[in-house]
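User: I am new to this structure and would like to learn how to read its features. Please take them one at a time.

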Amino acid sequence: MREESSKGTGAGVLKRIAGPVVTAVGLAAHMYDVVKVGNEQLMGEVIKIDGEKVIIQVYEDTTGLKPGEKVVNTHLPLAVELGPGLLTSIYDGIQRPLEVLVREKGNFIERGVSAPGLDHGKTWDFTPRVRKGDRVGPGTILGDVQETEVFVHRVMVPPNFPGGVVKSIESGRFTVDDPICTLEDGTTFTMLQKWPVRVARPVEEKMNPDIPLITGQRILDGLFPIAKGGTAAIPGPFGSGKTVTQQQLAKWSDAQIVVYVGCGERGNEMTEVLTEFPELQDPRTGKPLMQRTVLIANTSNMPVAAREASVYTGITIAEYFRDMGYDVSVMADSTSRWAEAMREISSRLEEMPGEEGYPAYLAARLSEFYERAGRVRNRNGSLGSVSVIGAVSPPGGDFSEPVTQNTLRIVKVFWALDAKLSQRRHFPAINWLNSYSLYMDVLHDWYDREVSPEWNQIRGWAMEILQKEAELQEIVQLVGSDALPEAEQVTIEVARMIREIFLQQNAYDAVDTFCDMTKQFDMLKAIRKFSDLAYGAQAAGVLPPQIMKIPSKGELPQIKFIKEYQTVLSELLERMEKEFSGLRAG
C-alpha cells in the first residue's frame with residue numbers, strides 16, 4: 001500500500017544531510033518513491049514521511065551536498081528492467097551495468113551517472129509461441145529469444161495484466177522497446193518488463209519443496225540437503241571457505257540460472273568473484289558459466305544504501321526467471337553486510353536500536369527476503385523455483401550474534417563453516433555436528449525412489465558414527481585411543497574413514513569436484529561394508545591394529561578420484577572380504 005503523499009509540490013529542497021540519509025521539505029511523495037537529489041541528481045528513495053519532512057536514503061556518496069539544493073520526485077518506485085540481456089551482466093546494487101559505466105566513464109565512476117539495466121539498442125531474434133486469436137493472460141509465454149548459447153529466454157505477458165485476445169504478433173529482430181504483440185483492445189507488449197524490487201512477483205501456487213537441489217558436494221547432498229525452492233545459510237568466519245563453497249554451488253547445482261549477489265563483501269573478495277566467474281566453465285555445456293549467470297556487485301566501500309537494495313534487486317531478477325519455468329539459485333554473500341547497512345541507515349533515522357544496535361525490524365526484513373524463495377506453479381502453468389543460499393559473516397565467527405540467530409529461525413538448512421576444520425585443511429570446512437537440514441523428511445521419498453531404498457538408513461548410520469566419534473574424542477584426548485575398548489577403537493577408525501573419504505572433497509580435482517548421488521551412495525556403502533567386516537572380525541577376537549592394516553582399506557580413498565569407478569570398487573570390495581576372512585584372532 002502506498003502512503004498518503006506529504007504536502008508540497010513535485011520538487012522540494014534539502015533541509016538536513018546525515019550521511020546517506022537526507023531530509024527534504026516541500027516535496028510531494030509516497031513511500032518508496034525514487035527521487036533525484038541535489039544538483040548532481042543523485043538517486044535516492046523515500047523511506048519515511050513525517051509531516052512536512054520527507055526522509056530519503058541516497059544510493060550514492062552524499063559528500064558535498066548542501067541544504068537548499070533541489071530534490072525532484074520521479075513518482076516511481078525503485079524497479080529493475082527485466083528482459084533479454086540480463087544474463088552475463090554485472091550490475092551494482094541498483095541495476096546499473098558496471099561494464100557499461102566503466103566503458104563510458106572509466107574505472108572511477110562519477111556520482112549521478114546512470115545507465116539502463118538492459119541494452120536498449122541491441123536487437124534480439126524473437127520467435128512467437130502464440131498466434132492471432134489466441135487468448136493470453138498473466139504470465140503467458142508469448143515467444144522465445146535465444147539469449148545466450150545455452151539459454152532460451154521466454155518472453156511473457158506481465159504477471160499483473162488481466163488478459164486479452166491477440167490481434168497481431170510478429171517474428172523477427174527487435175529491441176526490448178519494440179512492440180512484438182498487439183491485443184484487440186489496443187494493448188501492446190514489448191520484451192521489456194519493469195518490476196518494483198520490494199514487491200514479490202505473484203504466483204499461482206506455492207508447492208511442497210520435495211525435490212533436492214543436487215549440488216555434487218557430498219556433505220551437502222549426502223548429509224544436509226537443500227530442496228529446490230529451499231533456504232539455506234552458510235555462516236562462517238573469514239577464510240573458512242564461504243566463497244569457494246558458493247562457487248561450487250553455482251557451478252555444479254542443478255539450478256538452470258544463478259544470481260550471485262556480492263552484498264558488502266570486501267573489494268578483493270568481490271574482485272576474485274568477478275574475475276573467476278567469467279573464467280569458470282559450465283560442466284554441463286562446456287560454455288562459460290556466465291552464460292547462465294547474473295552478477296550483482298556491491299562492495300563494502302560502495303554506498304551503504306545501495307547495499308541495502310542489492311538483495312532485493314537480486315531476488316526480483318531470480319523471480320523473473322522462475323516465472324519462465326526455470327530453477328534459479330540465489331547466492332547472497334553476505335547477509336551480514338546487508339544487515340550492517342540496515343543498522344547504519346536506522347541509526348541515521350534515529351530509530352530505537354535493538355540488539356547490538358541492529359534495527360528492531362531486522363528479523364522481519366530477513367524473513368521478507370528469505371520468504372521470496374519457493375518452488376511454485378506459475379500463472380502460465382509452468383513449474384519453477386528460487387532457492388536462496390545466504391552466506392553469513394558473524395564477527396569473530398560468533399554464531400550467537402543477532403544476524404546468525406535470526407537467520408537460523410528462518411532458514412531450513414544450516415551449513416556451519418568451521419575455522420578449525422579449514423586450518424586442518426579439511427574442505428569443505430562444514431562442521432557435521434553443528435549443521436542440519438530440516439528438509440530430510442520431505443525428501444525421504446525422493447531419495448528412496450531416485451537413489452536407493454537403503455539411502456536414508458545408510459545416511460542415518462553415517463551420522464550416528466560421527467556422533468559417537470565426537471563423544472569418544474574427549475576420552476581419546478585424555479588417555480589416547482589405545483585405552484578405548486576394542487569395539488570403540490573400530491568406531492573411531494570408521495568415523496575417520498567417513499570424514500576423510502566421504503566428507504572431504506577436492507574442489508580443484510577434475511573428478512572429485514562433483515560427485516553424483518549414485519557414487520555417493522556407493523562410497524558410503526563401501527565404508528559401511530568395511531565397518532561390518534571390522535566389527536565382525538573384532539568380535540571374533542581380531543585385534544584392531546590388525547584390522548587397520550588390511551591393504552584394501554588404504555586403497556578405498558582413491559575411489560573418489562576415479563571417474564569410471566564401479567569395476568575398481570567392486571574388485572576392491574571382493575579383495576576386502578578375502579583379506580578379512582584371512583585374519584586370525586590374536
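Analyst: Start with accessibility: a residue is buried under 20% relative accessible area, exposed over 50%, and partly exposed in between. The model shown here is predicted.

User: Is E350 buried or exposed?

Analyst: E350 has 61% relative accessibility, so E350 counts as exposed.

User: How do I read a salt bridge, and which side chain does E350 meet?

Analyst: Side chains of opposite charge can pair when their charged atoms come close. Here E350 meets R16 in a salt bridge, at 3.3 Å from N to O. R16 is in strand β1, while E350 is in the loop between α6 and α7, 334 residues apart. R16 counts as partly exposed because its relative accessibility is 38%.

User: Where do E469 and R499 lie?

Analyst: E469 lies in helix α11 and R499 in helix α12, so their pair ties together parts 30 residues apart in sequence. Their salt bridge spans 2.9 Å, N to O. E469 is buried at 5% relative accessibility, and R499 is buried at 16%.

User: What is the strand order in the open sheet of 4 strands?

Analyst: Strands of a sheet pair through backbone hydrogen bonds, either parallel or antiparallel. In this sheet the order is β12-β11-β9-β14, and the pairing is antiparallel. β12 and β14 are the edge strands, each pairing on one side only.

User: How many residues are in the largest nonpolar core?

Analyst: In soluble globular proteins, nonpolar side chains tend to be buried together. The largest core here has 77 residues, and F321 is among those with the most contacts inside it. Helix α5 supplies the largest share, 10 residues.

Terms used. Residues numbered from 1 in each chain as written. Predicted model: local features only at pLDDT ≥ 70, side-chain atom pairs only at ≥ 80, totals over all residues. Heavy atoms only, no water. Pairing = 2+ DSSP bridges. Helix = DSSP H or I, 4+ residues; strand = E, 2+ residues; numbered from the N terminus. Core = buried A, V, L, I, M, F, W, Y, C linked by side-chain atoms within 4.5 Å. Buried < 20%, exposed > 50% of the residue type's maximum accessible area, 1.4 Å probe, protein only. Salt bridge = Lys/Arg side-chain N within 4 Å of Asp/Glu carboxyl O.
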